[in-house]
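This report describes how the parts of a two-chain model are arranged and where they touch. Please consult the sequence and structure shown here while reading.

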Amino acid sequence: MSTIERVTLPDPRYEFGGDDHVFVELDEAMSFDANFEAMAITQQLRKKDIDGIFEICPANASYMVRFEPETIDPHTVVETLKSVAEETDLSEYQWDTRIVDFPVLYEDEWTHETLMRFRDNHQDPDATDLEYSAQLNGFDSVDEFIGAHAGAPHMVTMVGFVPGLPWCFQMVPKDEQIEVPKYVQPRTDTPSRAVGYGGAFTAIYPVQGAGGYQLYGRTPLEVLDTDQNLADFAESMVFPQPGDILDFRRIDRTEYDEIREQIEAGTYEYTIESVSFSPEEFFADPHGYNEMLTEVLRG
Amino acid sequence: MITVSRPGVLSTVQDLGRFGQYHIGMPPSGAMDPFAHRVGNYLVGNDEDAATIEMTYQGGAFEFDEDRVVALCGATMAATIDDEPINMWEAVSVEAGQTLDIQYASNGARSYLAVAGGVDVEPLMDSRSTYTLIGLGGYEGRSLEEGDELALGAPPEGATDRIGSAVDDEYIPDYDSIDSIRVVFGLCDYRLTDACKERMTTEPWTVTPDADRVGYRLEGPELEFVEREQPFGAGTDQSNVVDLGYPVGSIQVPQQPIVLMQDAVTGGGYATVGTVISVDRGYLAQKRTHQELYFESVNVDDAVAARKAQQETLATIRKSLE
């Protein structure tokens with residue numbers, strides 16, 4: 001049975017960002033250990049509601065806070081973060097999160113048109129992004145590669161860049177992780193809702209704009225709804241939250257169009273189930289744990 | 001109400017910013033030079049967080065349909081009310097039917113028009129600031145255009161008593177003479193060689209044309225990275241890191257450095273190597289394309305001291321106007 005290889009994190013680096021931020025690098029490399037540590041510490045910080053700290057931002061293998069130095073001294077912030085880190089024991093930790101059905105139209109016409117337009121910015125101008133990524137990661141075909149990308153759920157390990165963009169890290173052992181470089185020169189254009197991949201992360205572009213990730217497909221779902229028309233955006237204009245589990249599902253054009261129609265009519269409801277996530281159980285048997293998670297979703 | 005008869009190059013409604021949403025990718029937005037924004041509000045009797053109009057490089061022309069006290073602070077911009085020149089950094093009366101016409105910036109890049117009562121656009125997440133990249137907040141989420149009609153809040157009591165009161169000259173920044181921008185180095189600066197870090201604080205940087213509310217791209221000494229085998233998940237370029245959060249004011253180093261400003265991306269995969277201190281973000285925001293600056297390395301205590309000193313200055317100015 002394959003397991004997630006545990007990573008012993010180095011001593012965290014506490015760094016001042018000017019007079020009003022502290023950035024904490026837990027590791028230079030991505031790992032579930034680093035991310036769960038970032039998530040656990042920032043969740044504890046939020047609960048503590050410390051006077052003067054007004055932004056708490058978990059990231060992939062790091063986290064950051066912003067504060068008013070008039071209210072809390074920067075050195076006190078670092079001491080506080082250290083003591084929260086000391087109190088946080090990942091082995092006793094679990095959190096309530098949600099697993100979400102995330103349909104993706106892989107090899108869609110829109111990202112295909114875009115990636116063809118920017119071939120000169122790419123490592124391999126003669127292949128598509130999917131062909132390049134499949135080959136680089138040792139897959140025999142694009143279909144097999146897509147099967148792997150959609151074959152196990154992905155955890156949202158960070159949200160940012162622009163409002164609503166999730167970085168997603170696939171919940172599989174390291175030897176099954178997909179890894180690809182970013183474009184040599186970033187594109188000046190990417191369709192909204194494009195599903196891209198860079199480093200070890202899937203990203204979903206909330207709006208049309210620049211981007212440097214390999215382009216694989218397009219989701220009919222929104223990650224940002226500034227007008228908050230859709231029911232699932234009632235609380236926030238941004239859908240993904242750090243810790244969410246997204247289950248990418250390969251769909252065809254017919255289903256894509258049906259979902260878009262409902263999204264545009266404001267009637268679509270995301271398929272979401274609440275789950276309690278246990279790092280320990282996931283580490284011990286990721287494939288079994290994923291199966292259990294997706295069963296909750298697919299019934 | 002104010003009607004925009006000429007918007008200028010880039011004019012947006014801003015307050016002190018939108019907070020508490022950085023973790024979902026929402027930058028603070030808000031005035032790029034909060035000092036000038038605050039002083040403008042003090043002059044007209046507003047709370048310091050009242051929304052002003054931030055004008056970049058060129059002022060706008062605004063027609064008033066009611067009497068208001070206004071103040072213009074920030075970059076030097078010649079201004080007239082119905083062709084009569086007015087002073088900056090001073091509470092001035094505009095009468096119904098008059099037009100306030102503001103010209104090009106000569107010292108600095110951004111000026112703030114504060115109006116008694118503040119610009120009353122609908123707050124979004126507790127802020128009236130405009131974030132144009134996604135089209136949120138401010139006036140319809142965009143920069144002002146000809147014909148826009150801006151509602152005003154109720155003027156504070158006694159606003160008209162302030163007409164003629166002015167900020168003492170000693171507190172008015174001479175933006176073009178400030179060429180040292182203080183930076184707390186750190187974050188991922190281990191990615192740069194020592195020689196490169198040395199060059200960053202000794203050689204001049206020039207503001208490129210790519211300098212706006214999102215970021216200031218600078219041109220200067222070549223960056224040199226410490227060669228490493230890239231860690232898992234970071235991407236292949238030497239400037240890549242596993243995507244992380246960016247402090248506001250941080251210096252990101254793709255090839256040329258970019259200082260991230262109020263509308264910047266909140267995180268990403270380029271190494272950041274230091275952070276412009278909060279006071280100097282406002283001074284940097286007053287730099288124009290082709291101007292030169294130096295980075296001065298300071299520690300966090302120096303940065304806090306600079307911030308405290310500026311707050312004392314602001315308190316003194318505020319008191320002098322009461």
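## Basis of the description

Two residues are in contact if their C-beta atoms, placed from the backbone, lie within 7 Å. The structure is a predicted model, and the contacts reported below are computed from it.

## The two domains of chain B

The domain assignment divides chain B into domain 1, residues 2-173, and domain 2, residues 178-313. Their C-alpha centres are separated by 28 Å. Where the two parts meet, 19 residues of domain 1 of chain B are in contact with 16 residues of domain 2 of chain B.

On the side of domain 1 of chain B that touches domain 2 of chain B, helix 1 and strand 8 of chain B each supply at least two residues. Strand 8 of chain B accounts for the largest share of that side, with three residues. Sorted by class, this side of domain 1 of chain B holds 12 nonpolar, five polar and two charged residues.

## Helix packing in chain B

Two packed helices are described by the angle between their axes and the distance between the axes. In chain B, helix 1 (residues 34-44) packs with helix 4 (residues 300-320) at an angle of about 20 degrees, and the axes are 10 Å apart. Because angles under 35 degrees count as roughly parallel, helix 1 of chain B is roughly parallel to helix 4 of chain B. The crossing of helix 1 of chain B with helix 4 of chain B is right-handed.

Helix 1 of chain B contributes Phe35(B), Arg38(B), Val39(B) and Tyr42(B) to this contact, while helix 4 of chain B contributes Gln310(B), Leu314(B), Ile317(B) and Arg318(B). The residues of the contact comprise five nonpolar, one polar and two charged.

Ala114(B) is part of strand 8 of chain B, which spans residues 99-115. Is Ala114(B) buried or exposed? Ala114(B) counts as buried, because 29 C-beta neighbours lie inside 10 Å. Leaving aside residues up to four places away in sequence, the residues touched by Ala114(B) include Gly40(B), Asn41(B), Leu43(B), Val44(B) and Val70(B). One of these contacts, Val44(B), is 70 residues away from Ala114(B) along the chain, yet the C-alpha atoms of the two are separated by 7.0 Å.

Leu187(B) is located in the loop between strand 10 (180-185) and helix 2 (194-202) of chain B. Phi of Leu187(B) is near 55 degrees, which is a positive value in a residue other than glycine. Leu187(B) counts as buried because it has 29 C-beta neighbours inside 10 Å.

## The two domains of chain A

Chain A is divided into domain 1 (13-91) and domain 2 (96-298). The C-alpha centres of these domains of chain A lie 27 Å apart. Nine residues of domain 1 of chain A are in contact with nine residues of domain 2 of chain A.

Which helix gives the most to the side of domain 1 of chain A that touches domain 2 of chain A? That helix is helix 1 of chain A (residues 32-48), which provides three residues. By class, this side of domain 1 of chain A has six nonpolar, three polar and no charged residues.

## Local features of chain A

Helix 1 of chain A also packs with helix 2 (residues 74-87) of chain A, at an angle of about 115 degrees and with the axes 9 Å apart. The crossing of these two helices of chain A is right-handed. Ile41(A), Gln44(A) and Leu45(A) of helix 1 of chain A make the contact with Val84(A), Ala85(A) and Glu87(A) of helix 2 of chain A. Four nonpolar, one polar and one charged residues make up this contact.

Glu107(A) is found in the loop between strand 5 (95-106) and helix 3 (109-117) of chain A. Although Glu107(A) is not a glycine, it has a positive phi of about 55 degrees. Glu107(A) counts as partly exposed because it has 18 C-beta neighbours inside 10 Å.

## Contact between the chains

Between the chains, 39 residues of chain B are in contact with 43 residues of chain A. The elements of chain B that each supply at least two residues of the side touching chain A are strand 13 (240-245), strand 16 (267-270), strand 17 (272-276) and helix 4. This side of chain B has 21 nonpolar, 16 polar and two charged residues.

Key
Residues numbered from 1 in each chain as written. Chains lettered and ligands numbered in written order. Predicted model: local features only at pLDDT ≥ 70, side-chain atom pairs only at ≥ 80, totals over all residues. Axes fitted to C-alpha atoms, helices over the stretch in contact; angles between N-to-C directions. Helix = DSSP H or I, 4+ residues; strand = E, 2+ residues; numbered from the N terminus. Parallel < 35°, antiparallel > 145°, perpendicular 65-115°, else oblique. Left-handed = near helix turned anticlockwise from the far one by under 90°. Nonpolar A, V, L, I, M, F, W, Y, C, P; charged D, E, K, R; others polar. Domains from an automatic or database assignment. Buried ≥ 20, exposed ≤ 12 C-beta atoms within 10 Å, placed from the backbone.
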